[in-house]
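Hi there,

Here is the structure I promised to pass on to you. Have a look at it first, and my notes on what turned up follow below.

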Amino acid sequence: MRHCRQAGGDGRAGGSHRLVIAGIQLGRRAMKPTRKQADARAAKGRQDVGEGQAAAQTLTTNQGVPVGDNQHSLKAGLRGPTLLEDFILREKITHFDHERIPERIVHARGSAAHGFFEAYKPMTAFTRAAPFQAAGKITPVFARFSTVAGERGSTDTARDVRGFAVKFYTDEGNWDLVGNNIPVFFIRDAMKFPDLVHAVKPEPHNGMPQAASAHDTFWDFASLMPETSHVLMWVMSDRGIPRSLRMMQGFGVHTFRLVNAQGESHFVKFHWKPKLGTHSLVWDEAVKISGVDSDFHRRDLWDAIEAGEFPEWELGLQIFTEAQAEGFSFDVLDATKLIPEELVPVTPVGRMVLNRNPDNFFAETEQVAFCAAHVVPGIDFSNDPLLAGRIHSYIDTQISRLGGANFHEIPVNAPLAPVRNNQRDGLHRHTVARGRVAYEPNSLGGGCPFEAGTAGFVSFPQAVEGDKVRGKPEKFADHYTQATLFYESQTAVEKAHIAGGFRFELSKVTVPAIRERMVSSLVNVSKELAGAVAAGLGIALPAAMPRVQPQPAMPEVTRSPALSLMALPGDGGIRSRRVAILMADGVAGESISAVQAALQAAGATVQLIAARLGPVTSVSGPALEATATFENTSPVLFDGLVLPDGEAGVTLLGQQAEVMDFISNQYRHGKTILALGASAVLLQRAGIGAVLPKGKPDPGVLMDAKVKVTSVTAAFVSALGKHRHPEREAAQTAH
Ligand code: HDD
């Protein structure tokens with residue numbers, strides 16, 4: 001028997017349930033196992049394949065039969081026909097033929113990680129939900145981030161809403177908070193969801209475009225549904241193209257209920273705020289990244305976690321009473337409306353840290369089944385009509401996507417809390433239910449399992465009245481007030497980007513009437529915005545689209561600084577930021593190494609880039625090794641750029657078109673650039689100065705002609721921590 005070499009496995013079964021919390025490894029094994037869990041584990045022990053298994057391993061069929069030859073099919077003679085009796089070949093091919101499952105109808109493209117939620121303080125006054133019962137309480141989580149429209153292999157940096165779904169494995173069962181990175185939705189009633197999705201997906205006759213809303217059917221729908229106005233502001237803003245999944249907010253979107261042990265209820269909205277701050281790409285960059293690394297966000301999340309740069313978000317709650325809600329100018333059951341933080345502040349209640357990449361993409365990221373219906377005691381629904389449809393849709397979709405009603409037994413979906421009920425059988429059942437009792441009430445099973453009574457999930461007994469109708473409440477008919485609130489709360493550069501987003505998308509629309517209708521709707525949001533979009537489309541500003549509700553209620557807030565991306569700048573650090581240092585034979589290695597060491601000490605990732613891989617001759621200091629080439633990487637993959645000292649090297653760099661392209665892209669995208677010594681000439685050649693057109697210094701262009709490398713590097717680190725320099729763009733727009 002041959003022995004397999006191990007690649008660092010830890011001998012576990014059911015790897016998806018290994019929980020690493022702040023360096024401490026918890027595990028299901030450490031907890032008292034139920035019989036069901038013991039069964040599941042025994043089964044896993046037999047079925048898991050991969051690193052860390054017992055040392056002796058031979059290749060087998062799925063029936064456990066050792067395979068003698070995995071290279072050749074069984075033939076009648078070396079040059080003869082292949083035999084039908086080759087069950088080993090047929091089993092292998094048959095399994096392969098069935099390796100794909102249907103992708104998610106929306107949110108097909110996603111990336112995920114394991115981690116934990118830690119409560120800051122007990123929230124028992126408001127909720128009996130297990131994760132919020134004590135300060136320091138740890139609840140394991142699995143979070144998946146996604147784009148909405150694109151298919152499973154589509155690009156990460158498409159302009160789109162991002163899904164932000166978190167599965168909390170609580171002591172009282174799984175709670176799925178299935179949200180987005182945008183706090184409002186396109187529609188208010190689940191009845192319209194299939195229409196919305198059909199409109200945004202590739203057009204059915206030709207299957208184009210992939211992962212893009214910039215086409216006729218989407219804007220036809222959007223322009224005929226003015227309730228989309230608010231979310232469109234968000235999606236056309238830079239929120240639709242995040243720099244990283246680690247640098248975006250998350251929102252539960254709907255109004256939910258918190259219910260405490262006394263059965264008292266409050267309304268709540270959920271907010272995730274990233275510790276790294278909210279940062280985005282710019283459109284030109286996003287488009288180019290799609291070409292050079294369509295896995296940009298997936299890779300960024302994976303690499304950060306592998307490097308120990310665990311992404312972290314703070315969970316905050318907007319808690320309010322029904323009486324308060326009744327006084328608001330908008331309806332809290334309308335998912336196209338948010339509650340300004342200035343009206344109801346966000347109370348921080350805990351933090352989520354993602355600290356472990358999945359062991360297997362398919363088993364975990366692909367098979368994870370989030371369901372808006374999954375709530376636990378202490379969390380309940382509101383009457384939001386969009387939420388009601390979701391409560392149905394998710395379980396329904398998992399049944400076809402994951403092949404049956406037993407998807408809850410897939411390890412990533414299985415709760416940590418014990419599961420005991422009389423549900424039986426079905427496709428792909430793993431649990432071996434013992435005994436003859438599968439009904440309730442029973443005496444043969446000692447009456448087990450018992451109902452939990454008020455200790456279990458009890459729906460909040462909200463009084464219901466009214467006629468059975470199809471319709472909407474009056475306040476739902478205001479489509480524009482909050483779209484205007486969002487637009488007016490942005491900085492000048494953010495506003496210009498929103499106009500750019502609309503301009504780009506609508507310029508791809510081929511039917512002029514759709515463009516015009518959309519711009520006429522924008523007039524109701526902001527004349528300034530509609531004017532900028534109309535000018536870009538080469539059309540006259542149309543009259544405003546008639547409003548369903550000509551005189552909406554006066555809003556409580558007309559500017560909300562919290563809605564600007566600039567509101568959450570992060571801590572100004574550069575941990576996990578990517579910096580490119582360009583090189584050619586004849587550069588000054590000493591200063592490059594000094595800058596590289598300082599950046600790495602501050603937590604950045606540095607790539608040394610040259611025309612080819614391998615050693616680069618240096619005129620001073622240590623030998624340098626290029627880790628990437630101008631051909632295999634791209635300026636858009638970096639947050640900052642360092643140009644080297646050393647005249648000979650700089651001369652060579654200046655002769656390469658890719659280098660000048662690198663510099664101008666970095667500048668155009670608002671990135672931080674450091675030119676060491678002689679390389680200032682490269683900036684001059686690219687037409688880049690250290691001052692903005694109006695005479696103010698450009699905070700993102702640093703040169704060290706006379707300054708010490710250490711101090712200019714410190715200035716570079718601090719400028720890089722600002723992510724981007726919108727002042728440069730503002731100055732460019734002004735000219
Ligand atoms: Fe949905 C997936 C978020 C409205 C029906 N949705 C899905 C995912 C996220 C959201 C993050 C991916 C989960 C994952 O990573 O696997 N969806 C939302 C938000 C909504 C919303 C924040 C509005 C507030 N969704 C919504 C409606 C319906 C659906 C109104 C249907 C009535 N959503 C689905 C679905 C999906 C889904 C078809 C596709 C794949 C899946 O569920 O597992 O059931």
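Phe320 is buried, with a relative accessible area of 0%. Please keep in mind that this is a predicted model, and everything below is computed from it. Phe328 also counts as buried, because its relative accessibility of 8% falls under the 20% cut-off.

Those two residues bring me to the aromatic rings. The structure holds 24 aromatic pairs. Phe320 and Phe328 form a tilted pair: their ring centres are 6.0 Å apart, and the planes meet at 50°, which lies between the 30 degrees below which a pair is stacked and the 60 above which it is edge-to-face. Ring pairs also join a set of residues into a cluster, made up of Phe117, Phe132, Phe145, Phe164, Phe168, Trp175, Phe256, Phe270, Trp272 and Trp313.

Lys167 is placed over the face of Phe370, 5.3 Å from the centre of the ring. Arg578 is placed over the face of Phe638, and here the distance to the ring centre is 4.7 Å.

Which protein atom is the donor of the iron atom of the ligand? The only one is the OH of Tyr394, at 1.9 Å. Tyr394 belongs to helix 10, which covers residues 385-401.

Next, the empty space inside. Rolling a probe the size of a water molecule over the atoms shows where such space is left. Searching the whole structure gives eight cavities of 30 Å³ or more. The largest cavity has a volume of about 150 Å³. It is lined by 17 residues, and the closest of them to the centre are Pro183, Phe251, His271, Leu338 and Ile339. Which element gives the largest share of that lining? Strand 9 (residues 265-274) does, with three residues. By type, the lining of the largest cavity is made of 10 nonpolar, four polar and three charged residues.

Most residues other than glycine have a negative phi, and most peptide bonds are trans. Here are the exceptions I noted:

- The peptide bond from Glu440 to Pro441 is cis, with omega near 5°. Pro441 is in the loop between helix 10 and helix 11 (481-488).
- The bond from Cys448 to Pro449 is cis, with omega near -10°. Pro449 is placed in the loop between helix 10 and helix 11.
- His428 is not a glycine, yet its phi is positive, at about 60°. The loop between helix 10 and helix 11 is where His428 is found.
- His723, not a glycine either, has a positive phi of about 75°. His723 is in the loop between helix 19 (709-720) and helix 20 (726-734).

Are these two histidines buried or exposed? His428 counts as exposed, since its relative accessibility of 52% is over the 50% limit. His723, at 7% relative accessibility, counts as buried.

- Pro311 sits in the loop between helix 7 (296-306) and strand 10 (312-320), and with a relative accessible area of 1% it is buried. Pro311 and Gly115 are 196 residues apart in sequence, while their C-alpha atoms are 9.5 Å apart in space.
- Arg188 is in the loop between strand 6 (173-180) and helix 3 (193-200). Arg188 is buried, because its relative accessible area of 2% is under 20%. From Arg188 to Met703 the separation is 515 residues in sequence and 53 Å in space, C-alpha to C-alpha.
- Glu658 is part of helix 17 (residues 657-668). At 43% relative accessibility, Glu658 lies between the 20% and 50% limits, so it counts as partly exposed. The C-alpha atoms of Glu658 and Arg246 are separated by 30 Å, and the two residues are 412 residues apart along the chain.

Happy exploring, and do write back with any questions.

Best wishes

Methods:
Residues are numbered from 1 along each chain as its sequence is written. This is a predicted model: local features need pLDDT of at least 70, side-chain atom pairs count only at pLDDT 80 or more; totals for chains, interfaces and linings use all residues. Side-chain values use heavy atoms; hydrogens and water are left out. Rings of Phe, Tyr and Trp (its six-membered ring) pair if their centres lie within 6.5 Å; planes under 30 degrees apart count as stacked, over 60 as edge-to-face and the rest as tilted. Buried means under 20% relative accessible area, exposed over 50%, partly exposed in between (1.4 Å probe, protein chains only). A charge sits over a ring if NZ of Lys or CZ of Arg is within 6 Å of the ring centre and within 35 degrees of the ring normal. Helices (H or I, at least four residues) and strands (E, at least two) are DSSP runs, numbered from the N terminus. Donors are N, O and S atoms within 2.8 Å of the metal (3.2 Å for Na, K and Ca); water is not among the atoms, so sites may look incomplete. On a 1 Å grid over the protein atoms alone, a cavity is a set of points where a 1.4 Å probe fits but cannot get out, and a pocket is an open set with protein on both sides within 12 Å along at least five of seven lines; lining residues have an atom within 4 Å of a point. Grid points are joined across faces, edges and corners, and a volume is the space filled by probe spheres set on the points. Ala, Val, Leu, Ile, Met, Phe, Trp, Tyr, Cys and Pro count as nonpolar, Asp, Glu, Lys and Arg as charged, and the others, Gly among them, as polar.
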